[in-house]
Amino acid sequence: MLQAIIFDMDGVIIDSHPAHRQAWQKFLLTLGKRVSETDLDCILEGWRREDILRHFLGDLTKAQVVEYGNRKDEFFQQAGVPIKPVSGLCEFLNHLEVLSIPKAVATSASERRTRFTLDRLQLTRYFAAIVTAKDVLNGKPDPAIYHLAAEQMGVSARHIVVIEDSVSGVRAAKSAGMKCLAIASDSRCDVLLRAGADNVIQDFVGLTLDRLKLLVMSSRGDRKPEEVRV
């Protein structure tokens with residue numbers, strides 16, 4: 001029985017990946033490092049900010065991770081790319097509110113950026129728990145972040161659906177013993193299904209609780225991606 005839903009943030013709650021790419025490129029350029037769009041594909045895989053920093057800049061002190069992370073976040077906040085909720089999200093959140101379904105956010109983003117983003121879009125009030133990178137030792141695909149979100153909501157993992165958009169996030173949700181509905185464009189649908197997603201949608205438009213239950217409880221089998229989207 002579905003009792004709660006956990007949302008990843010980037011790519012699920014907000015359509016933020018273009019702004020992240022722009023922010024990382026501008027920040028890294030201030031350190032003399034030029035990176036391409038392809039170099040930043042790790043953003044789509046749910047890497048923590050600390051992991052991305054070390055990937056591009058090598059061994060860093062904890063103080064440098066904090067300093068550089070804050071500087072990158074400033075570029076993100078100044079990005080010329082508008083940050084807005086994924087299509088249909090607000091309607092879906094309101095629908096769940098009417099049904100008194102608990103909701104949480106579990107994101108690899110920093111607490112500072114997560115709070116700033118949710119407050120800016122007036123979405124904070126919807127979530128009973130907000131778990132960020134600072135709350136767990138290991139990032140996704142480690143399931144710790146989802147275990148903690150479930151604990152804070154007081155709901156058993158087997159009664160939770162996670163909504164994710166990255167391979168590491170899907171694997172974390174499944175390792176936590178939860179159902180997982182992925183959000184993906186056509187080009188990423190296959191890879192998320194192979195990672196273990198129970199089903200895939202393109203956005204939240206028209207999604208209801210009953211439809212969500214059908215999507216995650218039905219077996220994927222050998223169906224092609226186009227046969228499993230809303």
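A residue is called buried when its relative accessible area is under 20%, exposed when that area is over 50%, and partly exposed in between (1.4 Å probe, protein chains only). By this criterion K140 is buried, with a relative accessible area of 11%.

The structure is a predicted model, in which local features need a pLDDT of at least 70 and side-chain atom pairs count only at pLDDT 80 or more, while totals for chains, interfaces and linings use all residues. Residues are numbered from 1 along each chain as its sequence is written, and side-chain values use heavy atoms, with hydrogens and water left out. The pLDDT, the predictor's confidence in each residue on a scale from 0 to 100, averages 88 over the protein chain, and 91% of the residues score at least 70. Over residues 221–230 the pLDDT stays under 50. For this segment the model has 22 contacts beyond four places in sequence, a contact being heavy atoms within 4.5 Å.

Helices (H or I, at least four residues) and strands (E, at least two) are DSSP runs, numbered from the N terminus. In α4, which spans residues 89–98, the buried residues are L89, F92, L93 and L96. Viewed down the axis of α4, these buried residues fall within an arc of 100 degrees, so they line one face of the helix; the arc is that of the directions from the helix axis to the C-beta atoms. An α-helix has 3.6 residues a turn, so residues three or four places apart point the same way. The buried residues of α4 pack against strands β1 (4–7), β2 (103–106) and β4 (160–164), and against helix α9 (209–217). Exposed residues E91 and V98 are carried on the face of α4 turned away from its buried side. After α4 comes S100, whose phi is positive, near 60 degrees.

The surroundings of K140 can now be described. This residue lies in the loop between β3 (129–131) and α6 (144–153). Its contacts, leaving aside neighbours within four places in sequence, include D8, A106, T107, E164 and S168.

Salt bridges require a side-chain nitrogen of Lys or Arg within 4 Å of a carboxyl oxygen of Asp or Glu; a search of the whole structure finds 10 of them. K140 forms one with E164, the closest N and O atoms being 2.7 Å apart. This pair links distant parts of the chain, with K140 in the loop between β3 and α6 and E164 in strand β4, 24 residues apart. E164 counts as buried, at 0% relative accessibility. D8, K140 and E164 are linked in a network of salt bridges.

Two further salt bridges may be examined. D198 pairs with K174, their closest N and O atoms being 2.9 Å apart. D198 lies in the loop between α8 (186–195) and β6 (199–201) and K174 in helix α7 (residues 167–175), so the pair ties together parts that are 24 residues apart in sequence. D198 is buried, with a relative accessible area of 11%, whereas K174 is partly exposed at 30% relative accessibility. The side chains of D135 and K134 also meet in a salt bridge (3.0 Å, N to O). Here D135 is partly exposed at 29% relative accessibility, and K134 is exposed at 54%.
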